[in-house]
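Me: I want to learn to read cores, helices and cavities from coordinates. Can we work through one model together?
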Amino acid sequence: MRISLFSLALVGGLACAYPAAAGPVLDRVKAQGVVHCGSVERPGLATAEGGEDKWSGLNVDVCRAIAAAVLGSPDRITFHEYETPKQYDAVRNGEDDVSFLTESEIYDHQLAGKVLPGPTVFVESHAVMVPEKAKERHVKDLAGQSICFMTPSPVDHTVESYFERQHLSFVAVPYSEDGEMVDAYLVQQCHAIAYEITTLATVTDPGINKQKSRILPESLTVFPIMATTATNDAQWSAIVAWTVHTLISAERPETKWYHGGTKALPIDGADLGLDKGWQDRMVKAVGHYGEIYDRNLGNKSPLKMARGLNANQISGGLLLGPFLE
C-alpha cells in the first residue's frame, strides 16, 4: 500500500492536535488526589512542626506548587522524612512522586538507577561559623584553632580537604550527635563549628541561642539539592522539571526586551497532560522562587539567610531556569 507524504503529514498534524496522554504517575496522582514528596529534614527546606503531618520549608512549597499545577490545590500533598534506610524505600520502590535529594544521598542509598536527577531547588553548602566577636574573618584564619564537626559525615571530609589544600592545620573536635556538637560550640569547647549552612543559620537565630555568631564568607563545598523523580515515567519527570523551572523563571521581571513572570517561560499544558492555566495557578498559590525563599529562609523567616548562591542568575546567583528569549 502506498502512503503519500501528505497523508503522513496529516496524521502527524492530527496527533499533535490532541493533548499528551497521561503517564502512569500522573494517572496515579490524579486517582489518589495527592502528590507524595519527601526529603531529609533541613532547616528552611523541610521541617516538621507540630507533628509528623505538618511540614514547612522550601522543598515543601515546591511540592505544593506541583500539586497546584496537577491537582488544582497546593494543599493536596503528603510530605515525610528520609533518615533511615527503610524510609528511603519510598524512593527506591517508586512510592514517592518527588524526592528532594543530594548526590551523596543518592549514592549512599544506591538510588542512581532508581531516580532521575532533576532541576536544582536549592544550592546547599558546608560553611564555618565563629562567635561574632572572634577575630577571624576567613576560614583560613582558623589555622591552629579547634573546629567542631559531625563524623562520619560529608562535612568531616570537606573540613579536612579545605585545610589540606591551604597547607594549614586545625584542631579537629568530632561529634556523633549534632545537638551535643552545637552545645559544645556554644560553651566554646571548640572555637568554630562546621556544618551545612542551613543548620548553622539556626544557631545564629537569636530566638534559639543568645550567643551571637556569624558565618564566615567562604564555602567549604557547594552541592545541589535536586527535585528527583522515578526513572520510569518521562512525562512526570517533565512536569516536575518544568514546574521548578517556572518557579525560577517567574522571578524574572518584565522588561522592554524580555517577558517576566509566568510569561518568561510559557509551557503549553496540553504537552504535559495539564490544563492551560497550570503555571499561573501554581505561582498564584505559592509565589515565584524568590517569594518562596524569602518566607522560608530569607528576611521573612527566622533564619534571615541572604540569597547568596541561591539568587536568580539575573542577580548574580546560580539559579537559572529557561526563559523565552
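Me: How many residues has the largest nonpolar core, and which have the most contacts inside it?

Reply: Keep in mind that this model is predicted. In soluble globular proteins, nonpolar side chains tend to be buried together. Here the largest nonpolar core has 82 residues. Those with the most contacts inside it are Val35, Leu58, Val70, Val98, Phe100, Val121 and Trp236. Helix H3 (residues 58–71) gives this core its largest share, eleven residues. Another core lies apart from it, with nine residues, including Val40 and Tyr88.

Me: What is valine 98 in contact with, leaving aside neighbours within four places in sequence?

Reply: The partners of valine 98 include Val35, Ile66, Tyr82, Ala227, Trp236 and Val240. His36, Cys37, Gly38 and Thr228 are also in contact with valine 98.

Me: Now a helix. Which residues of H6 are buried?

Reply: An α-helix has 3.6 residues a turn, so residues three or four places apart point the same way. In H6, the buried residues are Val155, Asp156, Thr158, Val159, Tyr162 and Phe163. Strands S7, S8, S10 and S12 are among what covers them. H6 spans residues 154–165 and reaches 17 Å, close to the 16 Å expected. Just after H6, histidine 167 has a positive phi of about 60°.

Me: What lines the largest cavity?

Reply: Val91, Asp96, Asp97, Ser99, Val115, Thr228, Thr229 and Ala230. Three are nonpolar, three polar and two charged. S12 gives the most to this lining, with three residues.

Note on methods. Residues numbered from 1 in each chain as written. Predicted model: local features only at pLDDT ≥ 70, side-chain atom pairs only at ≥ 80, totals over all residues. Heavy atoms only, no water. Helix = DSSP H or I, 4+ residues; strand = E, 2+ residues; numbered from the N terminus. Expected span 1.5 Å × (residues − 1). Buried < 20%, exposed > 50% of the residue type's maximum accessible area, 1.4 Å probe, protein only. Contact = heavy atoms within 4.5 Å. 1 Å grid on protein atoms, 1.4 Å probe; cavity = no way out; pocket = protein on both sides within 12 Å on 5 of 7 lines; lining within 4 Å. Nonpolar A, V, L, I, M, F, W, Y, C, P; charged D, E, K, R; others polar. Core = buried A, V, L, I, M, F, W, Y, C linked by side-chain atoms within 4.5 Å.
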